Amino acid sequence: MKTVNWGIVGCGNVCERKSGPAMYKTPHSALAAVMRRDAEKVADFARRHNVPKSYTDAAALIADPEVDIVYVATPPGTHRELAVQALEAGKPVYVEKPMAMNHAECLEMIAAAEKAGQKLFVAYYRRALLYFLKVKELLDGGSVGQPLTAEVRLLRPERPEDRDPARLPWRLRREVGGEGYFHDLAPHTLDILDFLLGEITDARGNRGGFYDVADTVAASFRFRSGVPGTGMWCFVAPPSAAEDSVVVTGRKGSVRFSTFDFTPVELVTARGVERFEIAPPEHIQGPLIETIVRELRGEGVCPSTGVSAARTSRVMDEIMKE
């Protein structure tokens, strides 16, 4: 493709800054069309981002001959249906995370991509960010020695609307978003660990809390290499207990980083503590979107595919088993 023309299905908040602008700022890339069921809101988005076409029907955008790749940016409950529809229409797909509501749906999407001979990418954009590439450089370069353990802690306070039925966020409605903030946020960490340390082959967990969906989850898991890991996610913690940390400990030291806060990467060894401050880009999905554009143009490879993302969904399923 000389220019990769994007079409967005579900141009909501995530598209305003995280992804949408990157689609028309990346070289050899353009945002050709957007879709949202609310006609006034989709027209407003198109006007503000200088998008030539707007739709209120997903099928119409998918069928648009000027759209080369479809970005599914709706809540997870519709990912499988919309992705399969676009793939069957002969178009590659970029789908938001988590890839789908469960691993079985992911496998359906992968099968549809293979049958159509089309690419399937997933928005685990941390795989392309300099911050996490620095962590990978330290681990792959032997800075901490042979990895021994991985520990995850994400504790956040609840929001006022989280237990208000009249204002309940879509992420806390199981039929739309799956298992709450755990389903929305934990995959980012589990996927980046897959990228850094390899496939997680075994996982189990316990859940509890106040919501109908999971708000407190403890998990243990093991990588194919044999390295064990633990995770604690709590979304009803007091503000004083808020934490976002991942620690990989090896035989020569440890590396600490965060999934969401972009705190300085800390390398702790016998030589002391080294800190690496690496801020995220203005449009956080930009680096991954650039890899997609390069792959579609035959110039590179995107590190986040349906196959890699499905592994994370399988781990999530295993953690959430009763």
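Does lysine 252 count as buried or exposed, and at what relative accessibility?

1. **Lysine 252.** At 53% relative accessibility, lysine 252 counts as exposed. The cut-offs are relative accessible area under 20% for buried and over 50% for exposed, with partly exposed in between (1.4 Å probe, protein chains only). Lysine 252 sits in the loop between strand 11 (243–250) and strand 12. Its contacts, leaving out residues up to four places away in sequence, are Gly142, Ser143, Val144, Gly145, Val268, Thr269 and Ala270. Contact means heavy atoms within 4.5 Å. The C-alpha atoms of lysine 252 and glutamine 146 are separated by 7.5 Å, although these residues are 106 residues apart along the chain.

2. **Basis.** This is a predicted model, in which local features need pLDDT of at least 70 and side-chain atom pairs count only at pLDDT 80 or more, while totals for chains, interfaces and linings use all residues. Residues are numbered from 1 along each chain as its sequence is written, and side-chain values use heavy atoms, with hydrogens and water left out. Helices (H or I, at least four residues) and strands (E, at least two) are DSSP runs, numbered from the N terminus.

3. **Aromatic pairs.** Rings of Phe, Tyr and Trp (its six-membered ring) pair if their centres lie within 6.5 Å; planes under 30 degrees apart count as stacked, over 60 as edge-to-face and the rest as tilted. By this rule the count comes to nine aromatic pairs. One of them is edge-to-face and joins phenylalanine 132 to phenylalanine 262, at 5.9 Å centre to centre with 70° between the planes. Phenylalanine 132 belongs to helix 7 (residues 130–140) and phenylalanine 262 to the loop between strand 12 (253–257) and strand 13 (265–269), so the pair ties together parts that are 130 residues apart in sequence. Both phenylalanine 132 and phenylalanine 262 are buried. Phenylalanine 221 and phenylalanine 223 also pair edge-to-face, at 5.9 Å centre to centre and 80° between the planes. Phenylalanine 221 and phenylalanine 223 are buried too.

4. **Aromatic cluster and charges over rings.** Tyr131, Phe132, Phe257 and Phe262 form one aromatic cluster. Two charges over rings are worth checking. Lysine 136 lies over the face of phenylalanine 195, 4.9 Å from the ring centre. Arginine 156 has its charged end over the ring of phenylalanine 260, 5.0 Å from the centre. The rule asks for NZ of Lys or CZ of Arg within 6 Å of the ring centre and within 35 degrees of the ring normal.

5. **Helix 9 and helix 11.** The axes of helix 9 (residues 180–197) and helix 11 (residues 306–320) come within 9 Å and cross at roughly 125°. Axes are lines fitted to C-alpha atoms, for helices over the stretch in contact, and angles run from 0 to 180 degrees between N-to-C directions. Helix 9 and helix 11 are therefore oblique to each other. Angles under 35 degrees count as roughly parallel, over 145 as roughly antiparallel, 65 to 115 as roughly perpendicular and the rest as oblique. From helix 9, Phe182, His183, Ala186, Pro187, Leu190, Asp191 and Asp194 meet Ser308, Arg311, Thr312, Val315, Met316, Ile319 and Met320 of helix 11.

6. **Threonine 189.** Threonine 189 is in helix 9. Threonine 189 is buried, with a relative accessible area of 1%. Leaving out residues up to four places away in sequence, threonine 189 touches Val152, Val246, Thr259 and Phe260.

7. **Helix 5 and helix 6.** The axes of helix 5 (residues 79–88) and helix 6 (residues 103–116) come within 9 Å and cross at roughly 5°. Helix 5 and helix 6 are therefore roughly parallel to each other. His79, Arg80, Ala83, Val84 and Leu87 of helix 5 meet Glu105, Glu108, Met109, Ala112, Ala113 and Ala116 of helix 6. Buried residues of helix 5 are His79, Leu82, Ala83, Val84, Ala86 and Leu87. These buried residues pack against strand 1 (4–9), helix 4 (58–63), strand 4 (69–72), strand 5 (93–95) and helix 6. Just after helix 5, glycine 90 has a positive phi of about 85°.

8. **Helix 10.** Eight of the 11 residues of helix 10 (residues 286–296) are buried, so helix 10 is largely enclosed by the rest of the structure. Partners of its buried residues are strand 1, helix 2 (20–25), strand 2 (29–35), strand 4, strand 5 and strand 6 (120–122). Glycine 298 follows helix 10, and its phi is positive, near 75°.
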